Amino acid sequence: MAGRMLSQHAAGVHRIAYTCSTKQKMVTNAKRARGVEAYQNGLAAEDIVCQKLRGAGWKVLLQRARTRRGEIDIVAQNGTTISFIEVKLRKTLRDAAESLSATQSRRLFRAAECLLQSNPHWQYEELRFDLFILDANSKMEWLKDVIRQM
């Protein structure tokens, strides 16, 4: 809850001091442990995808590429094609496929623009966005060219 307090200083000058009191939610140890496990499972899924890409002849240019506009899980190149790859791990492949929102797609597109600007040495003729979906049973699908400019 934000509030304002009026305080009077020397010479009769009034200043408004802003205060902010926030209530922090308590995070249980179980919830924290689930978060850590989900993060570690996500990293493991990204590593599995990198292995799959390398096995298919792709070169992994970046992994967990952070920009001021967002993060891209993997950037890979095969010949003259550069792919910005998002990895989704859920209980089912359907859940994973449905977890890529329009908002996240726009953020990925903007992050890719930042990466292209900061890596002018990348040579390419085609750019695309791919989605790797994985489920709890280690099934994986590679959905190619899933995001178009909005």
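Two strands count as paired if DSSP finds at least two bridges between them. Helices (H or I, at least four residues) and strands (E, at least two) are DSSP runs, numbered from the N terminus. This is a predicted model, in which local features need pLDDT of at least 70 and side-chain atom pairs count only at pLDDT 80 or more, while totals for chains, interfaces and linings use all residues. Residues are numbered from 1 along each chain as its sequence is written, and side-chain values use heavy atoms, with hydrogens and water left out.

An open sheet of five strands has the order S3-S4-S5-S6-S7, with mixed pairing. Strand S3 (59-67) and S7 stand at its edges with a single partner strand each, so one side of each has no neighbour in the sheet.

The pairing can be followed strand by strand. S5 and S6 run parallel and are joined by nine bridges; Glu86 stands opposite Leu131 in S6. Strand S6 (residues 126-134) and strand S7 (residues 140-143) run antiparallel, with four bridges. Phe132 stands opposite Trp142 in S7. Five residues lie between the strands of the S6 and S7 hairpin, where Ser138 takes a positive phi near 65°.

Next comes the interior. A nonpolar core is a set of buried (under 20% relative accessible area, 1.4 Å probe, protein chains only) Ala, Val, Leu, Ile, Met, Phe, Trp, Tyr and Cys residues joined through side-chain atoms within 4.5 Å. The largest such core has 17 residues; Trp122 and Phe129 are among those with the most contacts inside it. Strand S4 (70-78), strand S5 (81-89), helix H2 (93-98), helix H3 (102-118) and S6 each give two or more residues to this core. H3 gives the most, with four residues.

Conventions. Buried < 20%, exposed > 50% of the residue type's maximum accessible area, 1.4 Å probe, protein only.
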